[in-house]
Amino acid sequence: MESVYTDQLLFLDGKYHLYEADFAKQTVTEIACGAYAKEHGPGWLVGESEEKVSFYRRLEDKWQVIPVNTIEVDLLYGRIIYCRQGQWYVYYDGKEILLGQKRESTPLHWDWTTVYFNLPLNDDKSVLSIINPEGLLVQKEYLGALVLLTRDAFWDEKIILVPLGNDYFEAYYRTRQLMGATDEALYLNDFKNGVFFWSQALKCWKKISIQNCYVLANNAVLMFGQRKTGFGGCCRFVILYKVDENASCTQIRVGKKCALGAEVKIGGWIYPQDVGKKLVDFDHPRKSRWLKIKNFFGLGKD
């Protein structure tokens, strides 16, 4: 007969006693005893005081005992996390690991709350810690500052970008690492932080150094600029760049304006665009009718 367990907390002789009853074996076993105790989530806090307490929970027919020494205890994807003096810890693989300060990105849809932890080290280094839905702890040491990219402005969802150096980043979204080779988009961007393209060779995201750029497709960006002319005037221009699979940019065409649609028209040239695949065809451009006329009369060069 399979054992059936139940837990019971009793106050006896001036102390709290946590008992486990096995109805199949008709046995009662004392699990813990202390001057302080209370039921907390999936388990019990038992100890001599709020500062000297352990967390007890039954896990796979065994009792797990974690010396948390705090009553600020939470459960995150099956892992027990707890806070002492503003610093969060996790009990992982039989030992306590310091996570640091807890951060939350809480969108309007509460199911998508992203919890992560940040621990500053010396020399401007820090450690990002994330517990994913499988209960695995992911830790990444980085130099500099995290970048929070807006994935969805309506839901206020954020992507966490972890700097790797030289404008390369790892990305985490809803506690999972975001890989451009397997996700639909090969770029990430918002108005505040700029544009990041996936580098297939390095398996990470690279920030595009082009200022004031607009993502046209998975392999193209436009830069909008202006330069001063005589008598205090200015001239506006547009530059079309090709972005290869390793996030390197090559200038393709410059024009005074750019027309977008099924085709990209700039500087007298027309580039077909696969709207479904979000790709610009840089290999088969053709001249516009006006450019052909200008070339015929020797009025334009390209």
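This is a predicted model: local features need pLDDT of at least 70, side-chain atom pairs count only at pLDDT 80 or more; totals for chains, interfaces and linings use all residues.
Reader: Which phi does Asp13 have?
Author: Asp13 has a positive phi of about 55°, although it is not a glycine. Most residues other than glycine have a negative phi.

Reader: Where is Asp13?
Author: Asp13 is in the loop between β1 (5-12) and β2 (15-22). Strands here are DSSP runs (E, at least two residues), numbered from the N terminus.

Reader: Is Asp13 buried or exposed?
Author: Asp13 counts as exposed, because its relative accessibility is 81%. Buried means under 20% relative accessible area, exposed over 50%, and partly exposed in between (1.4 Å probe, protein chains only).

Reader: And what about Asp93?
Author: Asp93 has a positive phi of about 55° and is not a glycine. Asp93 sits in the loop between β10 (87-92) and β11 (95-105), and is exposed at a relative accessible area of 61%.

Reader: Turning to the open sheet, what is the strand order?
Author: The open sheet of four strands runs β4-β5-β6-β7 with antiparallel pairing. Its edge strands, β4 (36-40) and β7 (62-66), each pair on one side only. Two strands pair if DSSP finds at least two bridges between them.

Reader: How many bridges join β4 and β5?
Author: Five bridges join β4 to β5 (residues 43-49) in the antiparallel sense. Lys38 stands opposite Leu45 in β5.

Reader: How many salt bridges does the structure hold?
Author: The structure holds nine salt bridges, each defined as a side-chain nitrogen of Lys or Arg within 4 Å of a carboxyl oxygen of Asp or Glu. One of them joins Arg84 and Glu96, with the closest N and O atoms 3.0 Å apart. Arg84 lies in strand β9 (residues 79-84) and Glu96 in strand β11, so the pair ties together parts 12 residues apart in sequence.

Reader: What is the N to O distance for Glu263 and Arg286?
Author: The side chains of Glu263 and Arg286 meet at 2.5 Å, N to O, in a salt bridge. Glu263 lies in β27 (residues 263-266) and Arg286 in β30 (residues 286-287), so this pair ties together parts 23 residues apart in sequence.

Reader: Which residues are linked in a network?
Author: Glu20, Arg58 and Asp61 are linked in a network of salt bridges.

Key: Residues are numbered from 1 along each chain as its sequence is written. Side-chain values use heavy atoms; hydrogens and water are left out.
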